[in-house]
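Please view the sequence and the structure below before reading on.

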Amino acid sequence: MTQASPALTQDELKTLVGQAALQYVLPGSIVGVGTGSTVNKFIDALATIKDQVKGAVSSSEASTARLKALGIPVLDSNEVVELAVYIDGADEIDHQGHMVKGGGAALTREKIVAAQSLQFICIADESKLVKTLGQFPLPVEVIPMAAKRVVRQFAALGGVATIRLKDGQPLVTDNGQIILDVTGLQISDPLAFESQVNQWPGVVTVGVFAYQKAQVCLLGTAEGVKTLV
Ligand code: 5RP
């Protein structure tokens, strides 16, 4: 475990785990890159060793822009069969590595890149570690035509789903769809829950990552970076 001062801010903890993730980047490899403020720290760190990697497969337009601005080549996911590692943040992670993701609305592409990677390395500050998933509003990407039906299906499970807004309008994802955020859920069986919601017509991706769970979590804490596996 690396040492850290108890006075570190959440932003500094994100920087620490972003830098710590470099140890999982293999020389000469293509890296799977997630989305979010923690991943931005990783991208900044990756730029310091950019000559040692072939490039990245990105999970969002935002990460693609940042990678390119720092001179890191971005490859199309269809050009790559398999990635050694995918590095991404989480909105919640439990002790088994199951996660809730999608706070940055990039969950569908995140799940695609995670699925083509041998290892998911989650980087997060300690506020993200939970016993049971469900405190953070669960993001679900849906096709607009199905939105109200999916809202009713969540209501039947005890959840309250609302359409995510940006500037007063429904947020449109990189894939041209919308996001529902669902509160009031206790996700005690993440695999079963992910399977169930994925069956609902019009659901593009549910933000539970149980099938694509993290194999390693680098957690930024007041005592330093803890590695949970
Ligand atoms: C984006 C995500 C992010 O990984 C998640 O929202 C965490 O973001 P941050 O590092 O900014 O806290 O799933 O869709």
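**Helices and sheets**

Helix H6 (residues 190–198) lies across E8 and E13, at about 165° to E13. Helices (H or I, at least four residues) and strands (E, at least two) are DSSP runs, numbered from the N terminus. Angles run from 0 to 180 degrees between N-to-C directions, with axes fitted to C-alpha atoms, for helices over the stretch in contact. Contact requires C-beta atoms, placed from the backbone, within 7 Å.

This is a predicted model, in which local features need pLDDT of at least 70, side-chain atom pairs count only at pLDDT 80 or more, and totals for chains, interfaces and linings use all residues. Residues are numbered from 1 along each chain as its sequence is written.

**The sheet of 4 strands**

- An open antiparallel sheet of 4 strands has the order E9-E12-E8-E13, where pairing requires at least two bridges found by DSSP.
- Strand E9 (160–163) and strand E13 (203–206) are at the edges with a single partner strand each, so one side of each lacks a neighbour in the sheet.
- From one strand to the next, the twist averages 30°.
- Strand E8 (residues 138–142) pairs with E13 in the antiparallel sense over 3 bridges, and Glu-141 has Thr-205 in E13 as its bridge partner.
- Helix H4 (residues 107–115) packs on this sheet, where H4 touches E8 and E13 and makes about 70° with the direction of E13.

- Strand E6 (residues 99–100) and E14 form 2 bridges in the antiparallel sense, and Val-100 is opposite Val-208 in E14.

Conventions: Two residues are in contact if their C-beta atoms, placed from the backbone, lie within 7 Å.
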